[in-house]
Amino acid sequence: MAAGVVGLRGIAVAVVVVGLVSSAAAHVFVGAYNKTCPQAEEMVYKEMTDILGKSPEVGGAILRLFSVDCFVGGCEGSILLNSTPGHTAEKDSPLNKGVRGYEVVDAIKAKLDAACPGIVSCSDTLALAARDAVRLRKGPYIPLPTGRRDGNTSNAADVGPNSPAPGATVSDLLTLFAKFNFTAKDLVVLSGAHTIGKAHCSTISPRLYGNASVPDPPLDANYTAALRGLCKPGDADTLVDLDPGSPATFDTDYYKQVATQRGLLSTDAALLLNADTRAYVLRQANATSDDEFFSDFIVSFVNMSKIGVLTHSHGEIRQKCSAVNPPSSSPSTSAAAIATSLAGSLLFLLAGALVLLF
């Protein structure tokens, strides 16, 4: 009986605290692990430094992995879950065939759990790795909110309605982005992530060999010839730089490529077919510094990172990023994580109140 009373009192306290926390503070915020795992962000940065030192192209793969996760079900790590018998997960959707970087998230998560068991979510591990992929390729430092929890569902059927289809027009892209309250500017700014990374030849073959399902935006003739030399018909494995001008540097060179009809993907080239996105492409292509693009990218990236986040009692902190937690382990893990998240949010709220008082 006493144990039951204690449990009820604990629940009551949690309800009171949740009532005190504002809706804004109840979401992710910068420094969520400052008390519970203060070395977390430094550890992710160190691991990404080592990984990109050996395989520079992984940076672009991690950026894509993060964006795919966020646009399909929110930034809650559903892209990381494996399929199970009778159920196909997001990662096995045909549209995600070329998505890479899962092993990078697993490796970093293992290091985090060794230092702070059960504290940092898989979704935050991926988010921080993507943030550092930009920074380590000479891009801007992004003050990234954390505190995400992991979802426990992943459905391949959700990928199509929330992903650009092969040969998507700029109108299609704008419609997709509008579902998440993103503008034409967000579209063209986040497309700038293609300044690093690679794409499989299978992705661009329709542009090179005339079998695109829809009319394709123009592609520079000399660039087409060079790409045909790299990608033979039927080649599904070769990787090609998205930004051949400076493939290892996060900069505005991507926009220079697009402006001269050398955007590798049809969705890159499509940015020239809308007045707003075209104007931004041309402005950055002629910019004398990366400052405006960097500033804009920080804003759009942070906004993307907040799509559909799970916090507090929603979701879990996965033990393995590729699988949901066993039922027996969920209650204790959830209780600890909920307490951690509530405490962090309350501190955040109190700090804001002190600022208002003084």
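I take a salt bridge to be a side-chain nitrogen of Lys or Arg within 4 Å of a carboxyl oxygen of Asp or Glu. The model I am reading is predicted.

**Entry 1: salt bridges**

I began with D50 and K46, whose side chains form a salt bridge with an N to O distance of 3.4 Å. I then checked their spacing: D50 and K46 are 4 residues apart in helix α2, so about one helical turn separates them. I looked up the accessibility of D50 and noted it as partly exposed, because its relative accessible area is 35%.

I searched the whole structure and recorded 10 salt bridges. One of them pairs E41 with R131, and the closest N and O atoms are 2.7 Å apart. E41 belongs to helix α2 and R131 to helix α5, so this pair ties together parts that are 90 residues apart in sequence. I compared the two partners: E41 is partly exposed with a relative accessible area of 22%, whereas R131 is buried at 2%.

Which residue meets R131 in a salt bridge of 2.8 Å, N to O? I found D132. I noted that D132 and R131 are both buried. Through shared partners, salt bridges join E41, R131 and D132 into one network.

**Entry 2: disulfides**

How many disulfides does the structure hold? I counted 4. With bonded cysteines numbered along the chain, I wrote their pattern down as 1-4, 2-3, 5-8, 6-7.

I examined C37 and C116, which form a disulfide with sulfur atoms 2.1 Å apart. This link is right-handed, with 80° about the S-S bond. The pair connects distant parts of the chain, 79 residues apart: C37 sits in the loop between α1 (2–20) and α2 (40–54), and C116 in the loop between α4 (102–115) and α5 (122–136). I noted C37 as buried, because its relative accessibility is 1%. C116 is likewise buried, with a relative accessible area of 6%.

I turned next to C70 and C75, joined by a disulfide with an S to S distance of 2.0 Å.

C201 lies in helix α8 (residues 201–208) and C231 in the loop between α9 (221–230) and β2 (239–241), so the pair ties together parts that are 30 residues apart in sequence. I found both C201 and C231 buried.

**Entry 3: H194**

I consulted the UniProt record, an unreviewed entry, which lists H194 under "binding site". Where is H194 found? I located H194 in the loop between α7 (184–191) and β1 (198–200).

I then listed what H194 touches, leaving out residues up to four places away in sequence. The residues touched by H194 are L242, D243, Y254, L265 and D268.

Methods: Residues numbered from 1 in each chain as written. Predicted model: local features only at pLDDT ≥ 70, side-chain atom pairs only at ≥ 80, totals over all residues. Heavy atoms only, no water. UniProt positions renumbered as here; feature names shortened; annotations may be inferred. Helix = DSSP H or I, 4+ residues; strand = E, 2+ residues; numbered from the N terminus. Contact = heavy atoms within 4.5 Å. Disulfide = S-S within 2.5 Å. Buried < 20%, exposed > 50% of the residue type's maximum accessible area, 1.4 Å probe, protein only.
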